Amino acid sequence: DGVGLDSLALLNAAQRVADVFAMRDLGYEDYLLVARTLGEWAELVAKSLAVRCESIAFRSSGSTGAPKSCSQPFAELVEEAVTLARLAGPPQRIVSCVAPQHIYGFLHSIVSAAALGLETVDLRAIPPGSRAGRLRAGDLVVATPHIWSLIAEAGERFPDGALGMTSTAPMSPDLYDRLLGLGLSRLTEIYG
């Protein structure tokens, strides 16, 4: 029975999706209101990005002021994501422990994987103590310091050649050392 939203919630969701993917520039935002499923929404987003993909917008969390939409040039995001993945790796596949709607998760679990032709494995629903056991050599694990601390507390060893990337908050030198002690080959911090 549609996407399961009342008319006001549907309008709000459609506006947010249109803003994130700059669909208003093409006049595609109204099509979201007549689409009946989330799959149709995804198809509309893909069609609009195929026509023009100049920018994408992310919403700030509000931790440093009122939440706001921040539009970023897509080509620059791709360049940044690929450069950082290569600096951290080179990875064989991307293993994500972060949300893809956050700019950090989007860049490093979606954009870099797509640009480099790599598989992405989503481990967000896997308990932290079980994550290291699902890795293989050459994996680039994308996580936040909080998630890294949960992984370190579990004490599982990383496979040879496993790589890590961390962002969104500073990582303590102690945590960094603990992760390397568990066999993480390299840990790249992107913060500031």
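Mentor: We will go from the overall picture to single helices and residues. Keep in mind that this is a predicted model.

Trainee: Fine. How many helices and strands does the protein have?

Mentor: The secondary structure comes to 8 helices and 7 strands. Along its principal axes, the C-alpha trace spans about 55 × 35 × 30 Å.

Trainee: And what share of the residues is buried?

Mentor: Of the 192 residues, 38% count as buried. The protein exposes about 10,300 Å², and carbon and sulfur atoms supply 54% of that area.

Trainee: What about contacts along the chain?

Mentor: Take the contacts between residues at least 6 apart in sequence: 56% of them join residues at least 24 apart.

Trainee: How far apart are the mean positions of the positive and negative charges?

Mentor: They are 2 Å apart, for 16 positive and 21 negative charges.

Trainee: Let's look at helices. At what angle do H4 and H5 pack?

Mentor: Helix H4, residues 74–88, and helix H5, residues 103–116, pack at an angle of about 80 degrees. Their axes are 8 Å apart.

Trainee: What does that make them, parallel or perpendicular?

Mentor: Angles of 65 to 115 degrees count as roughly perpendicular, so H4 and H5 are roughly perpendicular to each other.

Trainee: Which residues meet there?

Mentor: From H4, they include Phe74, Leu77, Val78 and Leu84. The H5 side includes Ile103, Phe106, Leu107 and Val111. Glu80 and Arg86 in H4 and His108 in H5 are also among them.

Trainee: Moving on to H7. Which of its residues are buried?

Mentor: Helix H7 runs over residues 145–154, and its buried residues are Pro145, Ile147, Trp148, Ser149, Ile151 and Ala152.

Trainee: And what do those pack against?

Mentor: They pack against helices H6 and H8 and strands E5, E6 and E7. Just after H7, Gly155 takes a positive phi of about 75 degrees.

Trainee: Where do Ala22 and Thr168 lie?

Mentor: Ala22 is in the loop between helix H1 (7–20) and helix H2 (29–34). Thr168 is in the loop between strand E6 (163–167) and helix H8 (173–181).

Trainee: Is Thr168 buried or partly exposed?

Mentor: Thr168 is partly exposed, with a relative accessible area of 38%.

Trainee: And Ser167, buried or exposed?

Mentor: Ser167 is in strand E6. Its relative accessibility is 10%, and buried means under 20%, so Ser167 counts as buried.

Trainee: What is Ser167 in contact with?

Mentor: Leaving aside neighbours within four places in sequence, Ser167 is in contact with Tyr104, Ala143, Thr144, Pro145 and Ile190. Pro145 is also one of the buried residues of H7.

Trainee: Last one, Leu33. Where is its place?

Mentor: Leu33 is in helix H2 and counts as partly exposed, at 34% relative accessibility. Not counting residues up to four places away in sequence, Leu33 touches Leu10, Leu11 and Ala14.

Trainee: How far is Leu33 from Glu153?

Mentor: The two are 120 residues apart in sequence and 46 Å apart in space, C-alpha to C-alpha.

Conventions
Residues numbered from 1 in each chain as written. Predicted model: local features only at pLDDT ≥ 70, side-chain atom pairs only at ≥ 80, totals over all residues. Heavy atoms only, no water. Helix = DSSP H or I, 4+ residues; strand = E, 2+ residues; numbered from the N terminus. Buried < 20%, exposed > 50% of the residue type's maximum accessible area, 1.4 Å probe, protein only. Contact = heavy atoms within 4.5 Å. Areas by Shrake-Rupley, 256 points an atom, 1.4 Å probe, with all protein chains shown as cover. Lys, Arg positive; Asp, Glu negative; His and termini not counted. Charge placed at Lys NZ, Arg CZ, Asp CG, Glu CD. Axes fitted to C-alpha atoms, helices over the stretch in contact; angles between N-to-C directions. Parallel < 35°, antiparallel > 145°, perpendicular 65-115°, else oblique.
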